[in-house]
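These are my notebook entries on a structure that I had not examined before. I record what I looked up and what I found.

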Amino acid sequence: MTTPMNVSDLAQVLFVSTLQASDHPSPDQVRMIIEGRIRARHADLSDCAALVAQEAGDHPEAYASRMRWALCEAGRVRPSLSLST
């Protein structure tokens, strides 16, 4: 079964990953991180949303720039992601 996810969902997954913008990850690296997390969680990403909210509260000064990066990267890989659960 294919799970439809939008760019915002994928960005949340990337946001809570250990990957950093300063790593200058390739699209393949970003895709692998996102797909791995989604598969590991069996497409239940509620923990990602909770962690994003926590980070926004704990580190508001860093939240916006990290989320912009995550959204940009997720948007670049979104068309080629095919997620099956």
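The model is predicted, local features need pLDDT of at least 70, side-chain atom pairs count only at pLDDT 80 or more, and totals for chains, interfaces and linings use all residues. Residues are numbered from 1 along each chain as its sequence is written, and side-chain values use heavy atoms, with hydrogens and water left out.

Entry: overall layout. I counted four helices and zero strands in the chain, where helices (H or I, at least four residues) and strands (E, at least two) are DSSP runs numbered from the N terminus. Along the sequence I read the pattern α-α-α-α. Of the 85 residues, 33% count as buried. I also looked up contacts, meaning heavy atoms within 4.5 Å. Among those with a separation of 6 or more, 81% join residues 24 or more positions apart.

Entry: I placed Cys48 in helix H3. Leaving out residues up to four places away in sequence, I found that Cys48 touches Gln12, Val13, Val16 and Arg37. Cys48 and Arg37 are eleven residues apart along the chain, and their C-alpha atoms are separated by 9.6 Å. Between the C-alpha atoms of Ala49 and Val13, 36 residues apart along the chain, I noted 8.2 Å.

Entry: H1 against H3. Which residues meet here? I listed Gln12, Val13 and Phe15 from H1, and Cys48, Ala49, Val52 and Glu55 from H3. By class I noted five nonpolar, one polar and one charged residues in this contact; Ala, Val, Leu, Ile, Met, Phe, Trp, Tyr, Cys and Pro count as nonpolar, Asp, Glu, Lys and Arg as charged, and the others, Gly among them, as polar. The axes of H1 and H3 come within 9 Å and cross at roughly 65 degrees. H1 is therefore roughly perpendicular to H3, a term that covers 65 to 115 degrees.

Entry: H1 against H4. I found that the axes of H1 and H4 come within 8 Å and cross at roughly 120 degrees. The two helices are therefore oblique to each other. From H1, the residues in this contact include Leu10, Ala11 and Leu14, and from H4 they include Trp69, Ala70 and Ala74. I noted eleven nonpolar, two polar and two charged residues in the contact.

Entry: Apart from neighbours within four places in sequence, Ala70 is in contact with Ala11, Leu14 and Phe15.

Entry: a loop residue. I located His24 in the loop between H1 and H2. Its phi is near 50 degrees, a positive value in a residue other than glycine. With a relative accessible area of 68%, His24 is exposed.

Conventions:
Axes are lines fitted to C-alpha atoms, for helices over the stretch in contact, and angles run from 0 to 180 degrees between N-to-C directions. Angles under 35 degrees count as roughly parallel, over 145 as roughly antiparallel, 65 to 115 as roughly perpendicular and the rest as oblique. Buried means under 20% relative accessible area, exposed over 50%, partly exposed in between (1.4 Å probe, protein chains only).
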